[in-house]
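Open the model in your viewer and keep the sequence panel beside it. The tour below goes stop by stop, saying what to select and what is there.

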Amino acid sequence: MNPALRKLIRKPAPSPADIDAFIRDMEFPLVDGTDVTFVFRGEADAVYLRCWISGLDTAQPFQPLKGTDLWATTIELPKGSRIEYKFELVKDVHKELILDPLNDVVAHDPFGANSVCHAFGYERPEWTLHDSISRQGSLHTRHIESEAFSATREIQVYLPATFRDNRRYPLLIVHDGVDYLKYADLKIVLDNLTHRLEIPSVIVALIQSPDRLKEYSGDDRHARFIAEELLPFMNDAYPVADSAASRCLMGASFGGVASLHTAWRYPEHFGSLLLQSGSFAFSDIGRHNRGPVFDPVVRFMNEFREHPGTPAERIFMSCGMYESLIYENRSLVPHLQGKGVEVRFEEARDAHNWENWRDRQRIGLSWLMPGPAWMVYD
Amino acid sequence: MTGKEPLRLLLGPQRPTVNLDRALARSGIAEGPIAVVSAAWQEAEGDIDDVRRLLKSPLTDLGIYRKANELFDANKPLHDAYRLRQESLKEQQRLYRMRLRQLMIAARATLRTEGETTVIAAERRHAISQLRALDRHHLRQVGKIHGRFESAVNGDSNTHLDDVAAALAEQLSHFETVLITGGNIVVLINRLRLFGLHRLLREKNIIAWSAGAMVLCDRIVLFHDKLPQGRRDAEILSKGLGLLPRLVLLPNPTDRLRTRDLLRVSLFDRRFSPAICMTLDSGSFLLFEGETLRESAAAKRMTRNGTFKPVRPA
């Protein structure tokens with residue numbers, strides 16, 4: 001237990017003022033090496049820590065601290081870990097998930113927000129933060145009439161700060177692109193990495209699906225949209241280099257599946273893939289147990305594993321160690337390498353979330369698209 | 001200090017330590033108008049106010065980056081031919097890199113093998129000779145690509161390339177001293193070569209830092225051990241201007257080289273031998289008279305055993 005917390009509860013009867021002072025003086029959760037103590041103050045019948053870490057119980061019970069209105073639970077988090085969590089409060093028969101009231105660090109995602117615990121040794125990479133020195137690229141909204149989907153699709157296009165019409169640029173296509181901008185600071189990362197010459201100036205097509213669980217699950221319409229509609233559109237509208245080696249598909253979770261599936265359906269169209277926490281569920285025999293939304297994914301992945309071909313020459317993969325998908329991601333690496341694909345795989349002490357994907361962008365992008373730092377000697 | 005042969009003043013990066021003014025003052029290069037090549041700064045070419053503040057001499061930027069872009073904009077066939085050459089060079093570099101990786105793995109493994117038997121020594125020598133053979137092959141292939149491009153565009157009056165090159169040559173003839181800045185070395189060597197300036201610099205005094213200094217060597221060696229994606233094996237880009245033969249210049253080793261990795265440094269030194277691999281950290285300088293080193297400060301050279309020692313004039 002955290003020493004300050006132990007000292008507090010060893011007092012015969014800590015006063016509200018003592019507890020107020022303790023709360024005021026400490027940063028929560030309490031990180032002591034690899035021990036992390038979560039604290040809740042308030043009335044409840046029970047309190048649980050919900051952190052969705054594969055390998056830990058989904059709900060860690062808090063203990064009421066005698067003589068106070070505090071509750072606490074301690075878990076062990078290895079050095080460098082970053083986890084997202086909520087508290088589950090039980091009052092009477094009601095259960096409520098809340099953010100940690102004592103912790104201001106919050107991560108957002110399309111479903112809302114979670115509190116964030118930075119364990120000992122984790123620091124947010126400085127290149128994910130706005131840097132006033134970095135010249136800023138620009139975002140432009142475009143529309144594509146899609147026959148594949150019989151609908152108009154809106155995309156965002158990122159142009160680098162030094163964009164010139166008479167240059168040719170590599171093209172990066174990002175699944176869930178708007179989410180990447182909102183929740184994984186993709187624009188800041190692109191601006192910073194470009195300015196620091198760690199990636200080349202690149203044009204980025206950011207796509208967003210209205211029904212990603214269907215369209216990103218190995219859907220041929222989506223592959224057609226990317227290869228037969230988006231690519232020609234980008235070639236016509238922007239000075240993008242017209243070669244597979246200059247094109248990269250990127251996505252996380254189901255977006256990783258969509259990236260792999262598109263490259264597999266259209267070989268020699270994409271030179272590289274950046275796949276983060278891909279939902280690469282498969283079954284060697286029998287049925288999978290991930291629910292019906294994964295049925296098409298498993299069908300595709302089983303077929304892919306049987307006939308992988310060469311979806312791209314270079315693939316960067318990353319996955320959090322605390323994800324249930326870590327097994328599927330790890331097992332895909334040798335499978336791809338066995339087919340001659342150059343693969344780089346990075347694991348992180350994190351889970352299935354946008355900030356994990358944010359923190360891996362530098363290594364992934366700079367490995368797949370090395371910038372001119374190599375050629376610049378100031 | 002003045003001599004019959006032109007002087008070459010080579011400096012490390014001008015950040016964080018600026019030594020351009022002090023080094024120039026003690027170099028013996030006579031005061032007078034200086035032509036500037038800042039093409040390696042690309043869009044920032046000509047932004048030389050900081051340099052002006054340091055030097056008393058009047059400066060004229062030759063603007064070769066801008067002139068090349070204007071030519072490309074006005075002349076699609078030339079631009080297309082240039083792009084095609086760049087694509088070929090990229091492909092050549094990619095294939096070279098692919099082969100180099102395997103040879104470097106093998107060379108490192110032989111150097112790591114413990115023992116000093118004649119068997120091991122012979123394998124080490126052979127592994128390094130294979131590296132050198134690949135480097136030579138790559139240089140030849142790159143030379144052929146340049147040759148094809150140059151024979152296609154030089155002398156073609158439609159390109160107006162010769163006109164611009166002649167005007168630049170005439171402009172340059174009024175200067176005894178040329179200053180070449182650091183920056184993107186690929187852009188720099190391409191622009192110098194495009195206008196044939198590499199043939200006109202031999203008789204000039206040259207002041208150069210970082211990339212500007214590297215292009216003066218006979219081979220341009222790209223290196224960076226500290227990229228975010230990890231270390232990368234040094235690669236030969238192309239021939240340089242050949243004004244300083246048997247020399248490999250390595251600017252900013254503090255930020256770019258794993259200088260304490262004995263095996264890596266030793267392999268670097270052996271691979272490019274008999275050329276001498278010299279580092280140029282910020283604040284350092286080397287002064288050559290023709291090809292003869294006359295003075296140095298804070299520059300170091302790699303050694304066969306993987307350490308560094310100070311560079312001293314003969």
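**Chain B, coloured by confidence.** Start with chain B, which has an average pLDDT of 95, with 99% of its residues scoring at least 70; pLDDT is the predictor's confidence in each residue, from 0 to 100. Where pLDDT is low, the predicted coordinates should not be read in detail. The scores for the model are ipTM 0.96 and pTM 0.84.

This is a predicted model, in which local features need pLDDT of at least 70 and side-chain atom pairs count only at pLDDT 80 or more, while totals for chains, interfaces and linings use all residues. Residues are numbered from 1 along each chain as its sequence is written, and chains are lettered from A and ligands numbered from 1 in the order in which they are written.

**Chain A as a whole.** Along the principal axes, the C-alpha atoms of chain A fill a box of roughly 75 × 60 × 40 Å.

Of the 378 residues in chain A, 45% are buried (20 or more other C-beta atoms within 10 Å of the residue's own; exposed means 12 or fewer, partly exposed in between, with C-beta atoms placed from the backbone). Among chain A contacts between residues at least 6 apart in sequence, 71% join residues at least 24 apart; a contact means that the C-beta atoms, placed from the backbone, lie within 7 Å.

**The two domains of chain A.** Colour 3-118 as domain 1 and 126-375 as domain 2; such bounds come from an automatic or database domain assignment. The C-alpha centres of the two domains of chain A lie 36 Å apart. Where they touch, domain 1 of chain A supplies 14 residues and domain 2 of chain A supplies 12. On the domain 1 side, β7 (82-91) and β9 (106-109) of chain A are the elements that give two or more residues. That side of domain 1 has six nonpolar, five polar and three charged residues (nonpolar: Ala, Val, Leu, Ile, Met, Phe, Trp, Tyr, Cys and Pro; charged: Asp, Glu, Lys and Arg; polar: the others, Gly among them).

**An open sheet in chain A.** Next, select β1, β2, β6 and β5 of chain A. These four strands form an open sheet in the order β1-β2-β6-β5, with antiparallel pairing; two strands pair if DSSP finds at least two bridges between them. β1 (30-32) and β5 (63-64) of chain A are at the edges with a single partner strand each, so one side of each has no neighbour in the sheet. Three bridges join β1(A) to β2 (35-41) of chain A. To see one of them, pick V31(A), whose bridge partner is V36(A).

**Helix α4 of chain A.** Move to residues 186-195. Nine of the 10 residues of α4(A) are buried, including L186(A), V189(A), L190(A) and L193(A). The buried residues pack against β11 (138-146), β12 (151-159), β13 (171-174), α3 (177-183), β14 (203-207) and α11 (361-368) of chain A. Just after α4(A), L197(A) has a positive phi of about 65 degrees.

**Where chain A meets chain B.** Show both chains. Here 15 residues of chain A are in contact with 21 residues of chain B. On the chain A side, α11 and β19 (376-377) give two or more residues, and α11(A) gives the most, with four. By class, the chain A side divides into nine nonpolar, three polar and three charged residues. β19(A) pairs antiparallel with β5 (183-184) of chain B over two bridges; in one of them, V376(A) partners N184(B).

**Strand β11 of chain B.** Finish at residues 285-289 of chain B. Five of the five residues of β11(B) are buried, so the strand is largely enclosed by the rest of the structure. F285(B), L287(B) and E289(B) point one way, and L286(B) and F288(B) the other. Which strands flank β11(B)? Five bridges join it, antiparallel, to β1 (7-11) of chain B, and five join it, also antiparallel, to β12 (292-297) of chain B. Pairs to pick are L11(B) with F285(B), and L286(B) with S296(B). β11(B) and β12(B) form a hairpin with two residues between them, and G290(B) in the turn has a positive phi of about 60 degrees.

How values were computed
Two residues are in contact if their C-beta atoms, placed from the backbone, lie within 7 Å.
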